[in-house]
Structures are given as C-alpha cells and as structure tokens.
Amino acid sequence: MEAAKPDGAETRLRSLFMAATHGEAGAYRQFLTELGDRLRAYFRRRLVRLPDAVEDLVQETLLAVHNQRHSYDPTAPITPWAHAIARYKLVDHLRRHGRGDALNDPLDEACEVFAAVDTEAAEARRDVGKLLAVLPDRQRLPIIHVKVEGRSVADTAQITGMSESAVKVAIHRGLKALAARLRGER
Amino acid sequence: MRTDAFIALLATGEHAFPPNETRRRLAVALGVGLLAALAASVSLLGLSASLARDAQLPLFWAKVSLPLLLVMTGFLATLRLSRPGARLAPLPLAMAAPVAFIWGLAGQQILTAEAGQRLLLVLGNTWLVCPWIIALLSLPALCALLWAMKGLAPTRLRLAGGAAGLLAGAIGALAYTLHCPELAAPFIGTWYVLGMLIPATVGALLGPRLLAW
C-alpha cells in the first residue's frame with residue numbers, strides 16, 4: 001500500500017474521467033484501473049474482519065460506477081461522487097450479509113478516502129464471468145460480442161439481427177442485470 | 001473473473017458518453033407529473049368559479065407561491081439526492097422558507113381576526129377533502145419521480161424517496177390551486193402542508209425498498 005496525495009487523486013481521476021467522456025481511447029480503462037486500486041485500499045482498511053469480501057466489493061463498485069457514470073455532475077469534484085458510491089455499496093453489502101458489525105471506521109471523510117492505492121488484486125469470490133453466462137441470450141450475446149470479443153456495435157447488430165440502438169440498450173440492461181445478480185437479488 | 005479482466009470488459013466498446021443524464025430524466029418525470037396533475041385538476045375537479053377574481057388578490061399569489069417555490073427547491077433536492085456525494089445544503093433551508101412565510105402570514109391573520117372567526121380561518125369550508133385531493137393529484141408525479149429515481153443513483157434512500165414525495169406533493173398542491181376556493185393563510189399553512197406531507201411520507205417509506213441498487 002502506498003500513499004498518494006488526496007488532491008492528486010481528485011485531479012488524476014477527474015482528468016481521466018473527463019477524457020473518457022470525450023471518447024479518448026484508453027482513458028476510461030485507465031480511470032477504472034486507478035479507481036479500482038484506490039477502492040481496494042479503501043475496502044481493505046474498512047473490512048479488516050472480512051478480507052475475502054474486498055475484491056468482490058471492488059468489482060461490484062466498479063460496475064456500479066460504470067452503470068451510473070452518467071450521474072456524475074461534471075461541475076463537481078469526482079472523489080466525493082466515487083466515495084459516496086463506494087460507501088453505499090459497502091453499507092449495502094454489510095447490511096445484506098447481516099454483518100453491520102464488521103464495518104471498521106464508519107465515519108470517513110471524502111477527502112482522505114482515496115489517498116491510498118493498493119494494486120494487488122486478489123481473486124474475487126464471485127465469478128462475474130459465471131454470472132454473465134446465465135444472463136438471457138438477448139443481453140448476454142451483445143455483451144460477449146462487444147465487450148469481450150471487442151466487435152463494433154454495427155458488427156454485433158448484423159450478427160444478432162438486432163438494431164444498433166437495441167444492441168446498446170441490451171448491453172446497458174445486461175450490465176444492470178449483472179449488478180442486480182452481484183447484489184444477490186436473483 | 002479477475003478485476004483487470006473485468007475492467008477491460010467494462011471499458012471495451014465505450015466511446016464518448018454524455019455525463020449528467022440525471023437532470024434530463026428527473027425533468028421528464030417532473031413534466032409528466034405536473035401535466036397529469038394539472039389535467040386531472042382541470043378536467044375532474046374543474047377551475048374554481050372565483051379563480052379570475054381571486055387572481056387579483058395578493059393572498060392568492062401567496063397561496064400559489066408555497067407549492068411553486070417547493071416545486072423548484074424540491075426539484076433541486078431530488079436532483080442532488082439522485083447523485084452520489086452531492087451536498088444538500090442549503091436546500092432544506094430554502095424549502096423551509098416558503099412554509100415559514102405562510103405560517104407567519106397565518107399567525108398574523110389569526111391574531112388580527114375576531115375570536116369567533118379564527119376557527120373558520122383554519123378550517124375553511126373544505127379542510128376535510130383538501131389534503132386528500134392534493135395527495136391524489138400528486139400520485140402520477142410520485143410514480144414518475146420514483147420510477148426515474150430508480151434508474152439513477154441515490155445513496156440516501158429514505159431521504160431521496162422523501163424528497164421525491166415532497167416534490168410530488170408540491171406538484172399536486174400547485175395543480176389544486178386551480179380548483180381550491182380557499183384563500184386564508186391559516187388554511188393553506190395547515191391543509192396544503194399536510195397534503196404535501198402525505199406523498200412525502202409515502203416516498204420516505206418506499207425509498208429504501210424501491211430505490212436500492
């Protein structure tokens with residue numbers, strides 16, 4: 001675990017995110033990677049008694065950030081936004097697993113939250129790939145073609161016989177359904 | 001799936017995307033709810049017979065300003081509560097201000113009225129139906145706003161549901177001013193506020209169950 005300056009996190013994450021909204025190649029992946037490293041440090045420090053849940057929560061939060069990326073107000077700082085999502089996912093996770101007691105340090109300030117990074121990803125307990133495999137075909141195939149195989153939306157539309165906008169909607173809905181499954185709703 | 005592979009999956013195929021969808025979604029819900037409430041008020045209840053005359057009185061505009069200001073501030077509160085990490089202050093104060101104004105006006109009217117008239121100022125002729133009609137008129141807005149919010153990212157669910165409910169209540173109350181014959185501030189300060197609190201309570205109760213994501 002290494003420390004970084006808090007404003008460093010804000011400046012860095014925000015510039016990557018804004019570059020991604022403008023379609024800059026690679027910026028979004030870099031944003032998610034660096035956010036993931038900070039989330040890992042954040043959850044690890046707060047879940048000292050549930051270390052196995054850390055990587056699950058990193059992935060669940062990254063998916064939530066992705067699904068709700070349009071909820072970020074570009075005029076506001078980005079770390080309080082990401083922190084509120086991380087904290088919501090943490091509390092939600094503990095509540096659903098009846099482990100409110102496992103929360104270490106419930107009071108935290110957004111400014112110092114993402115100060116630390118932790119790049120050592122452990123294995124997640126839940127396999128996102130397996131959850132993806134049980135989504136209905138209508139959502140699964142567009143996700144596989146576009147997001148796993150890297151095909152264009154236009155190609156995917158041709159392969160599946162769906163319209164391009166239907167492909168985009170199916171991906172969006174599929175990732176939301178994936179988030180619901182990660183929460184254990186179904 | 002390892003986290004780096006998962007990140008690659010999320011990032012693949014993502015090109016430019018518009019931030020700030022939140023405002024558009026909630027604005028659509030607000031518009032739908034307001035139109036439905038106005039249409040129901042005009043078509044089912046009908047315009048107040050004294051509307052044209054009342055509209056020339058400052059008291060009528062004091063009555064309209066309460067829900068109107070609450071629609072505006074309530075929309076901002078709903079917007080902020082749909083966005084993770086957004087600060088709410090100073091909106092609670094801005095929402096309390098129009099209520100405080102009506103209550104101040106009500107206090108003054110009650111104090112200057114003759115003793116025998118005071119109860120009439122509070123109850124008017126329609127106190128029994130007023131809060132329920134406001135709650136009913138707010139129902140389409142409540143459904144539309146909670147539906148819109150469900151696709152957004154509220155992190156304080158009870159508060160978010162309550163704010164959506166209060167906004168829906170203000171929409172219902174605003175639509176009801178077209179039909180309502182009452183003008184006394186003590187009436188407005190009691191029954192309008194109560195009517196708006198019904199959907200706000202429903203929203204706060206449903207929030208944690210409906211809005212979790």
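Here is a tour of a predicted model, with a stop at the chain interface and then one at a pocket.

**Stop 1: where the chains meet.** You'll find 34 residues of chain B in contact with 45 residues of chain A. About 3300 Å² is buried between the two chains, and carbon and sulfur atoms give 65% of that. Now select Met1(B), Phe17(B) and Trp213(B): in chain B, these lose the most area to chain A, together 22% of what that side buries.

**Stop 2: the charged pair.** Which side chains meet in a salt bridge here? Pick Asp73(A) and Arg83(B), and check the N to O distance of 3.7 Å. The count between the chains is one salt bridge, and 12 residue pairs are in polar contact, both at pLDDT 80 or more. Next, highlight helix 1 of chain B, residues 3-11, which gives the most to the side that touches chain A, with eight residues. By class, that side of chain B has 19 nonpolar, 10 polar and five charged residues.

**Stop 3: the largest pocket.** Move on to a space of about 1200 Å³. Select Asn67(A), His70(A), His172(A), Arg173(A) and Lys176(A), the closest to its centre among the 39 lining residues. Then show helix 3 (54-67), helix 7 (137-148) and helix 9 (164-182) of chain A, plus helix 8 (139-150) of chain B; each gives two or more residues to the lining. Helix 9 of chain A has the largest share, 11 residues. Colour the lining by class and you get 15 nonpolar, 10 polar and 14 charged residues.

Note on methods:
Residues numbered from 1 in each chain as written. Chains lettered and ligands numbered in written order. Predicted model: local features only at pLDDT ≥ 70, side-chain atom pairs only at ≥ 80, totals over all residues. Heavy atoms only, no water. Contact = heavy atoms within 4.5 Å. Buried area = accessible area lost by both parts, 1.4 Å probe. Salt bridge = Lys/Arg side-chain N within 4 Å of Asp/Glu carboxyl O. Polar contact = N/O pair within 3.5 Å; in protein donor to acceptor, adjacent residues only side chain to side chain. Helix = DSSP H or I, 4+ residues; strand = E, 2+ residues; numbered from the N terminus. Nonpolar A, V, L, I, M, F, W, Y, C, P; charged D, E, K, R; others polar. 1 Å grid on protein atoms, 1.4 Å probe; cavity = no way out; pocket = protein on both sides within 12 Å on 5 of 7 lines; lining within 4 Å. Points joined across faces, edges and corners; volume = space filled by probe spheres on them.
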